[in-house]
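I wrote them down in the order in which I looked things up.

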Amino acid sequence: MNTTDRMSSRLTADIIVYICILALSGVQIVLAYQHAPGTQLLVRMLAVAVIQAALGVTYFMHLREEQRSLRLALIPATIFVLLMMNMIWSDSFRLEHMRPLIK
Amino acid sequence: MSDTHATMGHVGGVLEASPFSIPSKKLVMWLFIISDAVTFGAILFAYGFLKNASPDWPEPFKFSPSILNVMLMTFILVSSSLTMIIATRAAKGGDKVSAIRWTFITVASGILFALLHISEWFKLIGEGVRLFQNPWGSPMFGATFFAITGLHLTHVIGGVIALSVVALGYKRGRYNADDIEIWSLYWHFVDLVWMFVVPMVYLLNVAH
C-alpha cells in the first residue's frame, strides 16, 4: 500500500468515526424524549457521551498512534480525578432530603 | 571538548530526548487538555449537584427552536473536527495550500458555531434568564447555564483565534505541520467537551 492509499484509507476511517459520533448525538436526542427516570436518563446520556469521547480521543486525536507510556500517563490519572469528583453526590442527596419544607 | 558540550555549544543547554517520543509542544498541549478536561468535569459535577439538590430546576428547552439549534451546532462542531483532520493530514503530507484552506474552513465553522451560540444566549436573555434569576424556577439555572456554555464558547473563540494565527504563520513559514497538528488536538478537545455539555445542560432539561 503506497502513501496515497494509506492516507485515503485513514480518511475513510475518520469519516466513519465522524458518522458514528453524529449518529450517537442523534441517539442522545432520542433518549431525551423517552421519558425515562432522571437518574437512568443521566446514566444513558453519559454512557453515550463517553463512547463519543473515546472515539474522538482514539481516532480524531490519534491517541492510539502514540506510545503506550503517553496513554498510561494521561488517561488513568484523568479518569481517577473525575471518578473522585463523584464524592459530591452524597452531599447533593443529603440536601435533597434535608431540604426545609420538603413535601 | 566532549560530545555533550559539543551538543550544548549552539543550543545553550543539554536537550534530553522527549519522554514520550513526541515534540514538547505536543506534550504540553496534552497536559493542558487533561487539566482542562478536569476543569470542565468539575463544573459539570457542580452543575449536577445543584440540579439534583434543587426541587424546581427548570426545563425550558423546547424541541423548536432550542434543541434544533443544538443539533445544528453539534453538526457544525463535529464537522469542523473532520475538516481539521483533513487540514492536519494535508499539512503532514506537505500540501500547504490545502492545509491552510481546510484550517480556515474549520475557523469559519467555529465562527458559525459561536454566532449560533450567542443567538441562543440572546434568546434566553430575552425570555428573562439572568445569572441569578429566571421566570421558571431555581435561580441557579442561569448561573450554571451561562458558566458552562460560556466557558465552552470561550474555548471555541480561543480556538478560532489560535487556528487563524497558526494557519497564517504556517503560510508564512513561521509554523510547521506539527503546529497545525497540535492545535487540531485542542480543536478536537473543544468538540469532545460539547458532547458532554449537550446532554447535561440541554437534553436533561428538555420541555416535555
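I began with a pair of helices from the two chains: α3(A) passes α2(B) in a right-handed crossing. I note here that the model is predicted.

For the residues behind this crossing, I listed Leu74(A), Thr78(A), Val81(A) and Leu82(A) on α3(A). On α2(B) the contact is made by Trp30(B), Ile34(B), Ala37(B), Val38(B) and Gly41(B). Sorted by class, the contact of α3(A) with α2(B) has 7 nonpolar and 2 polar residues, and no charged ones.

I then looked up the geometry of the pair. The axes of α3(A) and α2(B), the latter being residues 24-53 of chain B, come within 10 Å and cross at roughly 15°.

Next I checked α3(A) by itself. The helix runs over residues 68-84 of chain A, and at 1.5 Å a residue its 17 residues should span 24 Å. I found its end C-alpha atoms 24 Å apart, which agrees. How many of its 17 residues are buried? The count is 1, and I put α3(A) down as hardly covered.

I turned to the whole contact between the chains. Here 39 residues of chain A are in contact with 36 residues of chain B. On the side of chain A that touches chain B, α1 (3-32), α2 (38-60), α3 and α4 (88-98) each supply at least two residues. Which of the helices gives the most to this side? I found that α1(A) does, with 11 residues. By class, I have 26 nonpolar, 9 polar and 4 charged residues on the side of chain A that touches chain B.

My last entry concerns a pair within chain B. The axes of α3(B), residues 63-92, and α6(B), residues 177-202, come within 9 Å and cross at roughly 160°. Angles over 145 degrees count as roughly antiparallel, and α3(B) and α6(B) are therefore roughly antiparallel to each other. I recorded the crossing of α3(B) past α6(B) as left-handed.

The contact residues of α3(B) include Ser66(B), Ile67(B), Val70(B), Leu77(B), Met84(B) and Lys92(B). Those of α6(B) include Ala177(B), Ile180(B), Glu181(B), Trp187(B), His188(B), Asp191(B), Trp194(B) and Tyr202(B). I sorted the residues of the contact of α3(B) with α6(B) into 13 nonpolar, 6 polar and 3 charged.

Notes
Residues are numbered from 1 along each chain as its sequence is written. Chains are lettered from A and ligands numbered from 1 in the order in which they are written. This is a predicted model: local features need pLDDT of at least 70, side-chain atom pairs count only at pLDDT 80 or more; totals for chains, interfaces and linings use all residues. Helices (H or I, at least four residues) and strands (E, at least two) are DSSP runs, numbered from the N terminus. The expected span of a helix is 1.5 Å times one less than its number of residues. A residue is buried if 20 or more other C-beta atoms lie within 10 Å of its own, exposed if 12 or fewer, and partly exposed in between; C-beta atoms are placed from the backbone. Two residues are in contact if their C-beta atoms, placed from the backbone, lie within 7 Å. Ala, Val, Leu, Ile, Met, Phe, Trp, Tyr, Cys and Pro count as nonpolar, Asp, Glu, Lys and Arg as charged, and the others, Gly among them, as polar. Axes are lines fitted to C-alpha atoms, for helices over the stretch in contact, and angles run from 0 to 180 degrees between N-to-C directions. A crossing is left-handed if the near helix is turned anticlockwise from the far one by less than a right angle, and right-handed if clockwise. Angles under 35 degrees count as roughly parallel, over 145 as roughly antiparallel, 65 to 115 as roughly perpendicular and the rest as oblique.
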